[in-house]
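Here are a few friendly notes to read alongside the model. Take them one at a time, and keep the picture open as you go.

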Amino acid sequence: VVQSGTLKHAGPLSPFGGLGATGVLTNDEVRTRFRDFIVGQVLEIARSSYGLWGADGLRYASIGSGEMLFDLELLERLRGAGIRISQICLVDLEYMQPTMAVR
């Protein structure tokens, strides 16, 4: 559901209701193709032994994370594909003085 230019997770009782995506990622086709491209690349690297990250797991960083809906979709897709994630770093100026919605 797009509200004021931000794609929000649907459902009034969703635990992810505070998450959102903005800009080009509000387009379902673009977001899906981009997410699937990244997952495909990570899986291809993972097939070559432990990939670049070794046995400990993938370290994920997102710069300009915003409301993190895309990050959630991507991380859950990676986990579902069997990729172990050992660390997640989310960076955005919005987090310096977060509003109640971001907290």
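1. Start with two helices: α1 (residues 28-46) and α2 (residues 69-80) have axes that come within 10 Å and cross at roughly 40 degrees. Helices here are DSSP runs of H or I with at least four residues, numbered from the N terminus. Axes are lines fitted to C-alpha atoms over the stretch in contact, with angles from 0 to 180 degrees between N-to-C directions.

2. A word on the source: this is a predicted model, where local features need pLDDT of at least 70 and side-chain atom pairs count only at pLDDT 80 or more, while totals for chains, interfaces and linings use all residues. Residues are numbered from 1 along each chain as its sequence is written, and side-chain values use heavy atoms, leaving out hydrogens and water.

3. Which residues of α1 and α2 make the contact? From α1 come Arg31, Phe34, Arg35, Asp36, Ile38, Val39 and Val42, and from α2 Phe70, Glu73, Leu74, Arg77 and Leu78; contact means heavy atoms within 4.5 Å.

4. Now look for an aromatic pair (ring centres within 6.5 Å; planes under 30 degrees apart count as stacked, over 60 as edge-to-face and the rest as tilted). The count by this rule is one. Phenylalanine 34 and phenylalanine 70 are stacked, at 5.4 Å centre to centre with 15 degrees between the planes. This pair joins distant parts of the chain, since phenylalanine 34 lies in α1 and phenylalanine 70 in α2, 36 residues apart.

Technical notes: Phe/Tyr/Trp six-rings, centres within 6.5 Å; stacked < 30°, edge-to-face > 60°.
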